[in-house]
Amino acid sequence: MTPARVRTEAEIDAAVARLAAAPGGGLIAPPDAYTMVVRDLIVKSTAQYRIPAIYSYRQVIKEGGLISYGPETADIFRRSASYVDRILKGANPGELPAQAPAKFELIINLKTANALRLEIPPKLLALADEVIE
């Protein structure tokens, strides 16, 4: 695995082009604010160069990404409501325990897989929480 630290759109495209030059490669888009802001560019660039990519959030797959595995954000927001309630009732936020995500989901976009000429194994499709056709 070779990290590609990118800060501009040109660097993103260049990094994906380098991946395309190496056979059998793929992209792991980390779950950070920057990759969410530029997700459209990453999805378009990986499609252009026919690079399989995995993301952390379902939203990217609904927008054309190939596959995601990550925390179910709706569950995080639901669980956050109890913390807001406790804080509004006087709890000290610094004394509340940290919580890790409890639910994870696997989303696969078959339309994107077909465009990349990838065959998704039936076993993986069966494990998916959602398959977008």
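How many cavities of 30 Å³ or more does a search of the whole structure find? The search turns up one, a cavity being a set of points on a 1 Å grid over the protein atoms alone where a 1.4 Å probe fits but cannot get out. The model is predicted, so to speak for its limits, local features need pLDDT of at least 70, side-chain atom pairs count only at pLDDT 80 or more, and totals for chains, interfaces and linings use all residues. Residues are numbered from 1 along each chain as its sequence is written, and side-chain values use heavy atoms, with hydrogens and water left out.

The largest cavity comes out at about 60 Å³, a volume being the space filled by probe spheres set on the points. Its lining (residues with an atom within 4 Å of a point) includes Ala29, Pro30, Pro31, Tyr55 and Tyr57. By class, the lining has eight nonpolar residues, two polar and one charged.

Helix H3 also pairs up with H1 (residues 9-21): their axes, lines fitted to C-alpha atoms over the stretch in contact, come within 9 Å and cross at roughly 30°. That makes the two helices roughly parallel, a label for angles under 35 degrees. On the H1 side, Glu9, Ile12, Asp13 and Val16 make the contact (heavy atoms within 4.5 Å), meeting Leu41, Ile42, Ser45, Thr46 and Gln48 of H3. This contact has four nonpolar, three polar and two charged residues. Ile42 of H3 belongs to the contact and also lines the largest cavity.

Note on methods. On a 1 Å grid over the protein atoms alone, a cavity is a set of points where a 1.4 Å probe fits but cannot get out, and a pocket is an open set with protein on both sides within 12 Å along at least five of seven lines; lining residues have an atom within 4 Å of a point. Ala, Val, Leu, Ile, Met, Phe, Trp, Tyr, Cys and Pro count as nonpolar, Asp, Glu, Lys and Arg as charged, and the others, Gly among them, as polar. Axes are lines fitted to C-alpha atoms, for helices over the stretch in contact, and angles run from 0 to 180 degrees between N-to-C directions. Helices (H or I, at least four residues) and strands (E, at least two) are DSSP runs, numbered from the N terminus. Angles under 35 degrees count as roughly parallel, over 145 as roughly antiparallel, 65 to 115 as roughly perpendicular and the rest as oblique.
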